[in-house]
Amino acid sequence: MQSKAGYLIGKTVELILTLLVVSLLVFAAFSIIPGDTARVMLGPDASESQVELLRAEMGLDKPLATRYLTWLASLITFDPGKSYAYNVSVGELIAQRLPVTIGMSVIAMIMVIIISYPLAVLSARKPGRLGDQVCSVIGHVLFAIPPYVASLLLILLAGSIFSLLTVGNYVRPSDDFAGYIACLLLPSFAVALPKIAMSFKFLRSSIIEQKTADYVRTSKSHGLSDLKILIRHVLPNSNVSSITIISIILSDILGGSLIVEQVFNLPGLGRLLLSAISRRDFPLLSGIVFYLAFVTVLLYFISDIASSLADPRIRLK
Amino acid sequence: MPRHIHIVKVHHLTLSFPTRKDPNPKPVLDDVDFGIRDGEILGLIGNSGSGKTMTSLAIAGLLPESARITSGSIKFAGNDLLEMAPKERRAMLGRDIGMIFQEPSTALDPLMTCGKQLDEVLTAHKDKAGTPEERHKAIVEMLGTVGFTNAEEICGRYPHQLSGGQRQRVLIAGAALLKPRLLICDEPTSSLDTVTTVSILALLKDLCHKLHMTILFISHDLSAVRGFCDRVMVMKDGKIIDRDTASDILTNPRNSYTAELLTNSRLDTRILGLEPATVDYSRSPVLTAKDITAGYGRSLFERVKNKKQTDTNVLHNVSLEVFPNEILGLIGGSGSGKTTLIRSLLGLLPHSGTVNIKSSSIGAIFQDPVSCLNPAHTIRWHMSEALKASGRQLSSEPGSRAERRSRELARITAVLEECGLGAGYLSRRPNELSGGQRQRVAIAMCLIQEPALIIADEPFSSLDASSSAELLKLMTDINRERHTAFLLITHNIHIVRQIAPRLIVLHNGEICEEGPTREVLGNPKSESTARLLEAERSLHGL
């Protein structure tokens, strides 16, 4: 018999190991890329000795293992060096841009859940009916639209035709929280649209599957009403399988918002990432990539823990 | 409610599944007319597809939405059920009519403790609910009645922490909690082993007396209702074709179909013509397994925490040999490690010890023919996949592609025909076949690989008596004509006695007895063999 704490510790060890591997991969990727950072920074006219001096200053002349360990230590303290291009600490840069990306992802996730869940429950009540079929067809169409196309369409629709929300505007949450939410609504919706379709399709089929399960028949024979069976048995069981899918959707949303930020001209992590790539700003680049990977791995970790809480078969093996 | 002679009266009931294409299909229940007397145990026997489950669902009001009752009526204690509003009918479930079903492993919600699930029965019927303490007391009391000595503990357990027999007891407790007048049991024991079956039947009989319940007992096994039912009805193709007292029907069946069912469930070797091949034990065995020890995986964390933990092993040093032409029986109760052993022998489970197979391939057929075949593909596809997998492909042979294809088809057709499936089955998909036919396809897929040994893991447990008898005949025919050895795993001693010359009894992951079947069963030396035999005797009276 495995204890609850044992399971948690095991999962945490797994999380830390995964993160170590991720950091190693990120570091290796940026060390393998050809090109001398010091040379790029100083330009082609700088002398060899100037370049050497800068290399020593940045610690680039040290062996790889030492550089990796220094970098790893700096990641843990959330201070992975200074950006070459901005000359500001990477941690500070990321912290500045984080509210946009995280805000968009959270709003998009809430949209996905509050729209797809009720639709899936309604659709699964009588599969094959007209309403269900209409929902499924719309779902297919939405699923096929990439987020950046959806963004352009939404800008056109909301901005030009209805002029509902100001497009391309950004307000800091510290200045005006309501304004901050309002200017993130449209981009979040663009990210959420295909994911709504995805989670709708998944939830619907998992509810339909659970409805034919044997324990539903048992509950019926116990005299429970259909609503009670849905709430107490069908939905919890379909949630168990949905948790994994929702964590995948969430990490997809994170990736989607990086692109949509560009279209809506929002100062988020996506733009920072692009500028870091074009300027070969390796400390900034590796910082962003690692922390994004960190969030993704963390999401999977949380979904594992959540599904173990929801499912006694995992919790009490 | 006033007492009636008949608690349920089904009057000329006809039921069908009309579709848009076919508005008047062949009825599933055709003019079914019977009564269940107050206080009796009525057996309803028939092969799968005979309409016995639909009859019970019609009484309970749980028919699938696509079902239409075209004529007839059902009266429960004088009230016409078909005239009632859906809400009234639902209120009767659990309170007046209780039900238990075939598969206890999936019949409980895996996310809810047993206590909570039983509590729902009470809260669903407001008039009977009472305070939480009263409800808990009633549940614990009922769990005690169905034979749990640790009722409080069971309340807090999740279904996966219970065995199949325990789950069925919990389900029986749920069905009997409100002391309904009628308990419908739809094959409650068909997925349980013999020892558990006997105890569940004894419990049902006991409840019937204690709580003054009437039981409608549905089964496909005619001999299993012996000593349990008062009266028996036999169903075939939606009609009740025979009814009599249980003792008369079992000793002196008047209907020819009933007689046939009886023969099938008794597996009379002479009537069925079961003739296994003779075995020469001096030849070298086709399969030799030595010191197999196996268990199920532990998580990374557990392995780090406790490196030398061996108590997770299910099997301990099992050695066995299967000789050419032999049908070797392997019996044991549930949890004895039968399936683990098979998985180790097939190389599906990591194990210590050695397995030597003197053959290019061994075949395997499993318990559940439904999930073993790919529903998206035809039987022909399955067969040619099996042929490819065997490495005996014809592609290296001379001739054009068309010629090779026609040769392959000829071979597939020949093997299918040998298994009793004509060429018409080639283009069918698994869901168009019955359980027995699927199991035949599984055997045909083995045979096309020409194995020297076929391992059969409980191939009969999901089949009705007639299909089992036919499958058993097919297996002995293959054994005799093709000299294929079988390792037959089952909890049914009766089958082993009929066809296996040698027998191994597995208990708690160890071989506790081994030898010629007649000797082992005639003079059991170990307690577990004796227990299996005792259960068999009380169930079938053989």
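Predicted model: local features only at pLDDT ≥ 70, side-chain atom pairs only at ≥ 80, totals over all residues.
Residues are numbered from 1 along each chain as its sequence is written, and chains are lettered from A, with ligands numbered from 1, in the order in which they are written.

The secondary structure of chain B comprises 19 helices and 19 strands, where helices (H or I, at least four residues) and strands (E, at least two) are DSSP runs numbered from the N terminus. The radius of gyration of chain B, 25 Å, is close to the 24 Å given by the globule rule for 542 residues, so the chain is as compact as a globular protein of that length; the radius is taken over C-alpha atoms, and the rule is 2.2 Å times the number of residues to the power 0.38. The C-alpha trace of chain B spans about 80 × 60 × 45 Å along its principal axes. Of the 542 residues in chain B, 47% are buried, a residue being buried if 20 or more other C-beta atoms lie within 10 Å of its own, exposed if 12 or fewer, and partly exposed in between, with C-beta atoms placed from the backbone. Among contacts in chain B with a separation of 6 or more, 73% are between residues 24 or more positions apart, contact being defined by C-beta atoms, placed from the backbone, that lie within 7 Å.

Strand β17 of chain B (residues 485-490) is mostly covered, with six of its six residues buried. Burial extends to both faces of β17(B), with B:A485, B:L487 and B:I489 on one side and B:F486, B:L488 and B:T490 on the other. Strand β13 of chain B (residues 327-331) runs parallel to β17(B) and is joined to it by five bridges, B:G329 having B:L488 as its bridge partner; strands count as paired if DSSP finds at least two bridges between them. Strand β16 of chain B (residues 453-457) also pairs with β17(B) in the parallel sense over five bridges, and B:D457 stands opposite B:I489.

The contact between the chains takes 25 residues from chain A and 29 residues from chain B. On the side of chain A that touches chain B, the elements giving two or more residues are α1 (4-32), α9 (214-221), α10 (226-264) and α13 (312-315) of chain A, and the largest share, seven residues, comes from α9(A). Helix α9(A) is itself mostly covered, six of its eight residues being buried, namely A:Y215, A:V216, A:R217, A:T218, A:S219 and A:S221. The cover over these buried residues includes α8 (177-211) and α10 of chain A, together with α1 (52-60), β6 (97-100), α3 (114-124) and α6 (164-176) of chain B.

The largest nonpolar core has 189 residues, and those with the most contacts inside it are B:L216, B:F217, B:A444, B:L453 and B:L488; such a core is a set of buried Ala, Val, Leu, Ile, Met, Phe, Trp, Tyr and Cys residues joined through C-beta atoms within 7 Å. Helix α8(A) gives the most to this core, with 14 residues. Apart from this core lies another, of twelve residues, among them A:I94, A:L269, A:L272 and A:I288.

Conventions
Contact = placed C-beta atoms within 7 Å.
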